[in-house]
Structure formats: structure tokens, C-alpha cells
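Please look through the structure below with its sequence at hand. The paragraphs that follow go from one site to the next.

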Amino acid sequence: TTGKLLQNFKGHKDRVNSAVFSPGGGRVLTASGDRTAKLWNATTGKLLQNFKGHKDRVNSAVFSPGGGRVLTASGDRTAKLWNATTGKLL
């Protein structure tokens with residue numbers, strides 16, 4: 001363990017409120033004040049999905065236990081459930 005930066009996830013237009021690993025560790029999910037959550041490849045940093053639909057900041061985002069769905073919670077007083085693979089709202 002060297003403390004070396006392994007990846008930098010860039011793309012949000014406002015502060016990042018939370019970041020979590022997927023159950024298998026291969027993806028990273030971030031929630032931001034820019035009203036989006038984003039799904040990234042943990043190794044390459046490539047953006048995999050952009051979850052848009054909230055009308056206020058996204059305060060948190062988490063994976064379902066199997067990693068197939070994403071749940072976001074927002075300042076717009078809603079929680080939304082998404083398909084992690086397609087990015088579609090369920």
C-alpha cells in the first residue's frame with residue numbers, strides 16, 4: 001500500500017456527495033449536487049452510466065445487493081430506482 005492515486009473519476013459539474021463501490025468492486029457509483037448519479041469502471045475510470053432525472057441534488061446513491069440496480073436519494077424529496085446496466089428508471 002503506497003497511498004498512490006489509482007483512479008480519478010471526473011465528470012460531475014458540482015460537488016460529489018457520496019461514492020461507493022459495487023458489490024464486486026469493479027464499478028464505482030457517485031452522487032452529486034449536479035442532480036445526477038454516475039456509474040464508473042473502477043479500473044479505467046470510464047463513465048458507464050449517467051443517471052439523470054432528479055430535480056435537485058443527489059445526496060446518495062447505493063447498489064442493490066446483487067449490483068443490478070441503483071437507488072438514488074435527492075433533495076427533490078424523491079428516491080429513484082434505476083437499472084444499473086441500461087441506466088433506465090424502473
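Which backbone nitrogen does the side chain of Asp 34 reach at 2.9 Å? The side chain of Asp 34 reaches that of Lys 13. This is a predicted model, in which local features need pLDDT of at least 70 and side-chain atom pairs count only at pLDDT 80 or more, while totals for chains, interfaces and linings use all residues. Residues are numbered from 1 along each chain as its sequence is written, and side-chain values use heavy atoms, with hydrogens and water left out.

Asp 34 sits in the loop between strand E2 (27–32) and strand E3 (36–41); strands (E, at least two residues) and helices (H or I, at least four) are DSSP runs, numbered from the N terminus. The side chain of Asp 34 also makes a polar contact of 2.6 Å with the side chain of Thr 36. A polar contact is a pair of N or O atoms within 3.5 Å; within protein, one must be able to donate a hydrogen and the other to accept it, and residues adjacent in sequence count only if both atoms are side-chain atoms. Apart from neighbours within four places in sequence, Asp 34 is in contact (heavy atoms within 4.5 Å) with His 12, Lys 13 and Asp 14.

Asp 34 is buried but has no salt bridge, and the nearest side chain of opposite charge, Lys 38, is 4.9 Å away. Here Lys and Arg count as positive and Asp and Glu as negative, with His and the chain ends not counted. Buried means under 20% relative accessible area, exposed over 50%, and partly exposed in between, with a 1.4 Å probe and protein chains only. A salt bridge needs a side-chain nitrogen of Lys or Arg within 4 Å of a carboxyl oxygen of Asp or Glu.

The structure holds one salt bridge. The side chains of Arg 57 and Asp 56 form a salt bridge at 3.6 Å, N to O. Arg 57 is partly exposed because its relative accessible area is 34%, and Asp 56 is partly exposed at 28%.

Arg 35, in the loop between E2 and E3, has a positive phi of about 75° although it is not a glycine. Arg 77, in the loop between strand E6 (69–74) and E7, has a positive phi near 70° and is likewise a residue other than glycine. Arg 35 counts as partly exposed because its relative accessibility is 45%; Arg 77, at 81%, counts as exposed.

Next comes the segment after strand E7 (79–83), where Ala 84 lies. Ala 84 is buried because its relative accessible area is 3%. Ala 84 and Phe 51 are 33 residues apart in sequence, with their C-alpha atoms 9.0 Å apart in space. Leaving aside neighbours within four places in sequence, the contacts of Ala 84 include Arg 27, Leu 39, Gln 49 and Phe 51.

Leu 90 is also found in the segment after E7, and is exposed, with a relative accessible area of 59%. Not counting residues up to four places away in sequence, Leu 90 touches Arg 69, Leu 81, Trp 82 and Asn 83. Val 62, in strand E5 (residues 58–63), counts as partly exposed because its relative accessibility is 40%.
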